[in-house]
Amino acid sequence: MALTHYETLGVPRDASRADITAAFRSQMRALHGDAGGDDELAKHVSSAYNVLSNASRRATYDRTLAPDAPASAPEPAPASTTARRRVFHSDAGTAAASMLDVDPSQWDWHIPAEEAAARPGKKSPPRWHGRRILLVIAFLAWTLAGTAAAMTLGLPLARIGLVSTLVALLCGAGAHLLWSLLVITRSPLHRWGIFAALLVAAAGAVFIYLDAGTPLPMLGSALCLVATSLTTYASFGVVLARGSRDESIIDSSFITQVGATSLGPRNADVERLLGALTGAFGHRDGVRVILLPDRVTPKGGVSMVRSQVAVVVGRSMHLIAIPPLGAEGLEISGSEVISDGQVHRNVVRDEVQALRARYGRGADVHGYVIPTQLSTIPPAVQAVDGISFGSLTQVIDAVGTDTGSSLDRPNALFRHRALESMSLLA
């Protein structure tokens, strides 16, 4: 059934022109293109305002409505047909100390760790010592690459008389360390990072040319850059890639976060979230958790609505955010989250859509938001605009119920795809 003009604007049948104008302006601000609004819905809002703001057109339109049409604004329709929809109310649900409180007793699918360890046929995965051997080899290769850079880039400086031999070798080793730092921080994926790496390589090529007098040896500078990049990724990347399966379920993928899980403190709410996930899924073989660092420490000017972790189970990925939204509730409209008078991009919704396109066929991507400053817990998870809102207990239960038997069936292929897809968000 098509919405009436009154329903489109969200005003009652007896609304004054001032109320209609205020509702129209509020709707258009929410639907503006810069805020990620819906152009088609904006046209319907404008059409409704053009009719209701004119007395004669409004009277004619009212005569076309059913006599028993509601005299007040109806309940909000789904987010796709209304400009705003409130998700939580401060007077709804059951009072709770925190949305991050966890009660495993509500999970029908949950198997306590002690019961999982006692199950027949449950064996610990054998340790593979070859990883340590490869790690040692990778670090040796990185050291040799640094030595080659020191000699190839440094010695020409000494031979043409610019600096002493010791300082020249230190300059070459410094170029190796600089390139390594750029690779570790993933800076070459940005314009300034690749520019800095190539600038150092170009400077080294110039000094090699001045020393050799022919262009062919200049290739040594480019080869040093490639060797540094590959050996840095192979050595530090392995260290930061993922922890031991016996120690944690947390994946600190080098692709997505380059060690931010290991380096520096994490937000207390994030630690609480990770602790609950470890308690729920740590003893299940088919679960991995990917922590995203730029969501752990939000940067200035960036929306606080950031995805914190991705839980990968079998072929499904579950993106979980814990934004500190206000206690008065929050509203969602299109790709926006509106809270306490502030408009933020709903990054979770946008990232879920991007991951669905990137993750591959047969994969399932879900998004969850756990507001940390709401004073009440809803009776159940509420889905709005493709994103589920609820407490940590409800979200973990939703993930466990949805994945079912996959909790104990590792799927290396889809986990690898998940790690690749995460690079889209980092």
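Colleague: How many salt bridges does the structure hold?
Modeller: This is a predicted model, and the structure in it holds three salt bridges.

Colleague: Which residue does D101 form a salt bridge with?
Modeller: D101 pairs with R272, and the closest N and O atoms of the two are 2.6 Å apart. The pair links distant parts of the chain, since D101 sits in the loop between β2 and α5 while R272 belongs to helix α10, 171 residues apart.

Colleague: What about D211, which residue is its salt bridge with?
Modeller: The partner of D211 is R159, with 2.8 Å between the closest N and O atoms. Here helix α8 (residues 191-212) supplies D211 and helix α6 (residues 130-159) supplies R159, so that distant parts of the chain, 52 residues apart, are linked. D211 counts as partly exposed at 27% relative accessibility, whereas R159 is exposed, with a relative accessible area of 53%.

Colleague: Where do D408 and R284 lie?
Modeller: D408 is in the loop between α13 (392-403) and α14 (412-422), and R284 is in the loop between α10 and β4 (287-291), so their pairing ties together parts that are 124 residues apart in sequence. Their side chains meet in a salt bridge of 3.0 Å, N to O.

Colleague: Why does R284 count as buried?
Modeller: Its relative accessibility is 3%, and buried means under 20%. D408, at 26%, counts as partly exposed.

Colleague: Changing topic, how many aromatic pairs are there?
Modeller: A search of the whole structure finds four aromatic pairs. One of them joins W107 and W109, which are stacked with 5.4 Å from centre to centre and 10° between the planes.

Colleague: And how is W109 arranged with F281?
Modeller: W109 and F281 are stacked as well, at 5.5 Å centre to centre with 10° between the planes. W109 lies in the loop between β2 (94-95) and α5 (113-118), and F281 lies in helix α10 (residues 268-281), so this pair ties together parts that are 172 residues apart in sequence.

Colleague: Which residues form the aromatic cluster, then?
Modeller: W107, W109 and F281 form one aromatic cluster.

Colleague: Is W107 buried or exposed?
Modeller: W107 counts as buried, at 5% relative accessibility, and W109 counts as buried at 14%. F281 is buried too.

Note on methods:
Residues numbered from 1 in each chain as written. Predicted model: local features only at pLDDT ≥ 70, side-chain atom pairs only at ≥ 80, totals over all residues. Heavy atoms only, no water. Phe/Tyr/Trp six-rings, centres within 6.5 Å; stacked < 30°, edge-to-face > 60°. Buried < 20%, exposed > 50% of the residue type's maximum accessible area, 1.4 Å probe, protein only. Helix = DSSP H or I, 4+ residues; strand = E, 2+ residues; numbered from the N terminus. Salt bridge = Lys/Arg side-chain N within 4 Å of Asp/Glu carboxyl O.
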